[in-house]
Every structure is written in C-alpha cells, then in structure tokens.
Amino acid sequence: MSPQLGGILTALPTPFAPDGKIDVDALSRVVERNIDGGVDGLVACGSTGEFAVLSEQERMQVVETVVAQAAGRVPVVAQTGAVSTAEAIRLSRHAQQVGASVVMLVTPYYEPLSEAETAHYLRTVAQSVEIPVMLYNLPGVTGVDLSPETIGELAREVDNIRYVKDTNADMSRVRQLIHRYGDVISTFGGWDTLILATLTEGAAGVVVGSANIVPAELVSIHRALQAGELDRARAEWSRLYPLMESLMTVPFISAVKSILGSLGLPVGVPRSPLMELDADTADRVAAEAAGALGAPAPVRATTGSVRRTSDARPLVSQADLAPSRHFVDGGYVDSTSGRVLDVVDPCSEQVLCRTPDGTAEDVDRAVAAAVAAKASWARRVPKDRSDVLHAVADRVQEHADLLARLESANTGKPLAVSHDDIAGTIDTFRFMAGAVRAGTSMAADDYLDDHLSVIRREPVGVVGVVTPWNYPLMMAAWKIAPILAAGNTCVLKPSEQTPVTTLKFAELVADLIPPGVLNVVTGRGDVVGARLSSHPDVDLVALTGSVSSGRAVARAAAEGLKRVHLELGGKAPVVIFEDADLALAASTLRTAAFWNSGQECGAACRVLVHESVADRFVDLLVREAATLTAGEPTVDGVEIGPVVSRAHFDRVRGYLERAQRDGARAVLGGGALEGPGYYIAPTVLVDVPEGAEIAREEVFGPVVTVETFRDEDEAIRRANDVPYGLSASVWTDDARRSHDLPARLDAGTVWVNSHLALANEVPWGGFKGSGYGRDLSIYALDDYSRTKHVMHHHARS
C-alpha cells in the first residue's frame, strides 16, 4: 500500500546531456541530493521537469530512473498528464507498473475543455490505475482552472483521487480546499513564495521546484511547524524568501537549472523553446541561492554601473512630440514671450525639446478661455461629462505606447514604470467617469416644518492646477479627471522639467474636450504658478508638489479667499515589529521604497524596526535592494532610472554626503553611479540617529533610512515626529496591534503589512505638512464641488 504523502515534495528538473538526450546520471545525482536533504517525496515529469517538451518514451525513462534511484526510500509521484487521454492512461499504467507511489494528473492542456469535460478526463484516467492519484491544477499553463468544488466532487466520486496540488497564488483557493474538502482530499501548495503560508494554513505539504536548491532548509521549516515552533519557522523562511521571490520573477525552470549548475550539480540547459537565463540574471539568482544556503552575502558596493542601450535609435522622434506651444481654447497658441525653457533627458543630460517660458499674460488668456467655457460645460448632465471622460480614456489607451515612451524620454523612468503610469491615467478617467454618475448627498426632506430641503452639488468654476515632475501625466489625470467630471474647467501648469506628456495629452484629446474646458500653459512656478494662484477668476487652486510650493500657492490664494487643494510631500514611516513577516516587509520595500527611483511622496523611505530584529531585517532589505538594476528606459530588466534633473541629483547627493558625515552608514549604495545621467545608487543607511536631517526631511530619491525602537510608544512617537503626515505602514502579525496603531499614526493613509498600494476607489491625501484635500475616490469630486442648500416653502394657505 502506498504511504500517505505529506511534507516537502521536490518537483525534479529533467537534466539534458549536450547531445540533447536525457542525462540519467545527472538525474540520479539530483535525486540523491534531495533525499540527502531529507525531502518527503519526489515528483518526476512535472512542469519543472519540462513535461510538455518530453516524448512519451522520455517521460517513461525519467519515471523509471527516479523510481529506481529512490529505491523505496521516499515516495515517487509520476506526473502523467498528456496530450491525449489515451497517452495519459498509458503513462499512468506504466508509472504504476514500475513502482511509482502516486500518479499526478495535470488538468488537460491540449485544448480548451469545459468543467464537465475536464472532470470526465480526470475521472477516466484516475480509474485506469489502482494507485493513488494527485490532481495538478495548473491554470497559468493549461488555461483550465479546476474549482475547489469540482476537486472535492471528484475526490468523493473516485476512491483513489487522494491529493491535489493547486498552483495558485490565491491563498483563498488553498484555504477552501484545506478547510472545506480536507475530509476527502489532501492539499499541496505549488506556489514557491507561499510555502510558509501554505504549510501554516494546514496543507498536507508543498510540491515545489525550489526544493532542488534548498531541500534541507525547507524540510527544517516544515519540521519546525510540525513541532509548533512558528517563530523558528518564520526566521528560517525569512532567509529563504528572497530566493523564492527571485525564482518567481524569472523563467523558473531556467533558473533552477542555472542555480543547480552554480552549486556544482550541472543538469544541462532547458529544452527549446525555453531559453537559458542571461548572464546577469544567472549571477543574481546564484547569489540569492548562496544567501539562502548560508553562504557569504555578495559584496555590497557603494557604487555600481548603469546599464545602457546599444540601440542608436532614440526613444522618441521629433514627430512624436506635441507642438512646443501653450494649449488654449482647444488649440495651440504662441506665448507672449519669446523665451523658452530646455527640457532635458536625465539619462543623457541632452536637451529633448524646448517649451515656452510662459507669462502672466499667457495665464490670463487661458483663464479667460476657461471662464468662457465654464457655464456650458457645467450645464452638461453627468452622463455627458462621463461620456467625454470615457472617450478620453479610450484615446489614451490607443496611444499608450507612445505616451509611455514620451514619459520615459522626458523623465528617465524605465518603460515598465511609464506603462504603469499610463495604465493609472486610464483607470483614473474611467473611475471618475463612473463616479460622477453615482453622486450621493443627504436625502431631500422636510427638516423644518413646511420647508423642503434639497442639496445640490455644483461645480466650483475655474480650477488652476499645478502638477509635479515625478508623475507628469498621471498626476495631471488625478486632477483633470475629477475637475472635469464635477463640471469645472481647468488651466494646468505642468512642471517646466516634464511638460512633454501633458502637452501631448492635450493634442490627443483636443477633439474630445470642448474648447476652453482644458488649457495648458507651460513655464516656471514663480510666474505661471503664481499668476494661477492669484488670478481673480480662478476659483480654486490644486497643487501636487513640495511643501514650499504649497505654502506659496496658499499665500497667493489667500488674497482672494479662493479654495486650495494641496497634496504635498511625505516622509512615510515604516514601523516593523518583532512579530512581523520580515521577508515580506523587505520584498515589499524593494518596490515601495525604490519605485520611480524613490521619487514618490508615499515612498517607504523611513524604516523604524524593533531592535531585536533590526539586523535580520536590514540583511533581508539589502539583499532585496541589491538586485535592483539601474539603467536607461529601454534596457530589459532595468528597474531604477535617474532622478529628474541636475539640481535634484545634487540635492540628493548632498543629503547622502551630510548623513554619512554625521555618522550614518551606507550598507548599500550611498552615492552616485558613474557616467552620464543623474543616477543615484539604491541606498540603505543604518546607524541613523534619532532626529537626523535625512530621517526628517523628504529626500525624494532611492534612499531608505533604518532606525530602531524598543516598544510601541517609542515607535509611534518617532513615527509621528516629522513635519509630514501623508502615509505610513505598520508591520505586525498581532491583530489587536494592527487595529490600534493605525489610529495612532498621524497620516492620511496607513497600510498594514503592505505599503504603497493605491486604488482609484480610495482617497489619497495627507495631514500636517503634507497638505489637505483628497485625490482619487469620490472625495476628490467633493473637493472640486461646492454644496448648495435649496429650501422650498411648500405650505398652502
């Protein structure tokens, strides 16, 4: 009788010799490595084993080799799903004949099947053998996703269907299988980054390819959980997690084979059409594996290199650019000044284009157009305005690639970041298009005898907007979409450093938005921004920018008592307690701290970590951040671009130099990267004293500071002890703490066990020096509206 499966099962790779044939000797060595590591079972011919590119005879050979080498020491699972039912039956019967313990059936992948057809296939093959069967749900490859209900029904109907491996990143699926169908089927996870979560949830085990690399380490974690030693399991998992995450972000099979080769166990290269890893990626994952195995960490250089493209073609052509003129009253107009401002590509430090250095007279002309258009636009019913915003979203989507390239050419952002910005822009317009049609207010009613009260939401009028350079188009959308949705007209000044996509946007949507409703005037803040703030016909000024810019706008607006909407800077504290998932925190900060080169007002830039786990967390964070690649936008794999300008480059370097002079220590980065362009190395600073300049002021670069604390009260006091209050995060597995502490943090957004997760449905805005007003969500529509109470006397004499 076959033993009950459980624990760590290794999904074995299939080694190939130089002549392309299966390397039986290498496969036998892989089996021995895993058994020596203490794994609880082996899986032959699974997806890690490249089953889709093996012939039927090769798959039989692999199963025979693994069964013979295992020699009964551990169970062997033979994956026998195939391109036909008949072949799957032949492979299953062969596996049973040669001594496999369990047959694994992958969901059919050779043609789209209905749920009923899928169940029929699995039932038919399972009933063709007598040994236990494991179902393998692999929706990402097969395109067929078995529901927990179907899996449970099959297990109840077919006696030998005993197990399921569910390769899903959605833990709710695994929970359903464990807790609703655990009486009839044992669940195994198959998502490597969720190994600890899956085992903690109560799964029978996991089937993972990463066990080839760290078999003993995964077995140790499983044994710790079995013994109830959750803290030990978490501590061991935190060392492995960076490797797991790396494996899930690169071609998995290629990575496993590459790492095994680096560990002295060559297993050949993947079979076509799969490809080998490039050299840089192979080095990176090998370093992650070395760290997981307790080898010395890679050398942490204070400087690094910038990856540059060898393609001589520019990212954009002059024909891609919008006219270098103001956009007023539905078309492009010349400035009253002949002066221009250089727009510089921060990667090359070369001039990309020149735009008008606008004047107060240019602003006056744009405001006049907005005033002339405001009455007719305000009279449009919400559906009409919604239709326009939907059309704008469609137009942006049609030109998404062009806009992303323009954004990257102007800001230096990696193309992946720019594409994310454009997607956010599109979603903002779509959300506001829907939200304006679902407005709510207090119910009309008689709140005074014989008087009916009705609440109206009306447009403010003309809104002056000043947008920043870090997200030029997306921040413009955050303002334009709710402003227009609420029935206002708009005059917008983009940053003089990054006006390119805003001008192009105006060109692309000129035929969709009525003349005068949207106007764009380029120029400097002390001229164009100042005139917008003080203009008597501007009813509200909205700014996303620095605290100093916010103060200037508020002062100018105060003269006319006009409303102000300010989304200013931030210095987000990341408060990490001793019970937190440190690996998750570090991997999250890899993005949340360094996205857009740290030029993000909500960036996870200031870590406060409990002193008992500080060293471990810093090591994890450095391992994460050390894998970031700086370079030009079009180079594959680049995640860090330059900062936006020479002035900002010098500003960030100044902060770093002063911090290190005053005792902070760079365990990663710490300065500029060599060569042209405004590149700062991803930096992690430790030994940062309380109250240090770099821990209180907004650096706005790829820089994270780490401080320690002793208890909750100290953590909250220090988290709040900055001028800003935009965002923060709390990291803990204590449920009470996770509910209590966010209320004590003085920030407009507080994440728990996450950071920098945004959605259009929820508001974004800060407290204290981070300003007031809310972007995104229905609260933005409220900000750009005014409330009118209309009371009808309806008594009859």
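A residue is taken as buried under 20% relative accessible area, as exposed over 50%, and as partly exposed in between. In the predicted model described here, Asp-687 has a relative accessible area of 47% and is therefore partly exposed. Asp-687 also shows a positive phi of about 55° although it is not a glycine, and its position is in the loop between β23 (683-686) and α24 (693-696).

Strand β18 (residues 540-544) is mostly covered, five of its five residues being buried. In a regular strand, side chains alternate between the two faces of the sheet. In β18, Leu-540, Ala-542 and Thr-544 point one way, whereas Val-541 and Leu-543 point the other way, and all are buried. Strand β15 (residues 462-466) runs parallel to β18 and is joined to it by four bridges, with Val-465 standing opposite Ala-542. Strand β19 (residues 563-567) also pairs with β18 in the parallel sense, over five bridges; within this pairing, Glu-567 of β19 is the bridge partner of Thr-544. Together with helix α20 (residues 547-559), β18 and β19 make a right-handed β-α-β unit.

According to the unreviewed UniProt entry, the annotation "domain: Aldehyde dehydrogenase" covers residues 332-790. The span 332-790 is 40% helix and 21% strand, and its end C-alpha atoms lie 41 Å apart.

Aromatic contacts were examined next. A pair of aromatic rings is described by the distance of the centres and the angle of the planes. The structure holds eight aromatic pairs. One of them is formed by Trp-237 and Tyr-241, with 5.8 Å centre to centre and 75° between the planes, an edge-to-face arrangement. Both residues lie in helix α10 (residues 230-248), four residues apart, or about one turn of the helix, and both Trp-237 and Tyr-241 are buried. For Phe-327 and Tyr-332, the ring centres are 5.3 Å apart and the planes stand at 70°; planes over 60 degrees apart count as edge-to-face, so this pair is edge-to-face. Phe-327 is buried, with a relative accessible area of 4%, and Tyr-332 is buried, with a value of 17%.

Arginine side chains also lie over aromatic rings. Arg-737 lies over the face of Phe-577, at 4.0 Å from the ring centre, and Arg-658 lies over the face of Tyr-655, at 5.0 Å from the ring centre.

A search of the whole structure finds zero disulfides. For Cys-347, the closest cysteine sulfur belongs to Cys-353 and is 15 Å away; a disulfide requires sulfur atoms within 2.5 Å, so this distance is too far for a bond. Cys-347 counts as buried because its relative accessibility is 4%. Cys-45, at 1% relative accessibility, likewise counts as buried.

How values were computed:
Residues numbered from 1 in each chain as written. Predicted model: local features only at pLDDT ≥ 70, side-chain atom pairs only at ≥ 80, totals over all residues. Heavy atoms only, no water. Phe/Tyr/Trp six-rings, centres within 6.5 Å; stacked < 30°, edge-to-face > 60°. Helix = DSSP H or I, 4+ residues; strand = E, 2+ residues; numbered from the N terminus. Buried < 20%, exposed > 50% of the residue type's maximum accessible area, 1.4 Å probe, protein only. Lys NZ or Arg CZ within 6 Å of the ring centre and 35° of its normal. UniProt positions renumbered as here; feature names shortened; annotations may be inferred. Pairing = 2+ DSSP bridges. Right-handed = clockwise from strand over helix to strand, strands pointing away.
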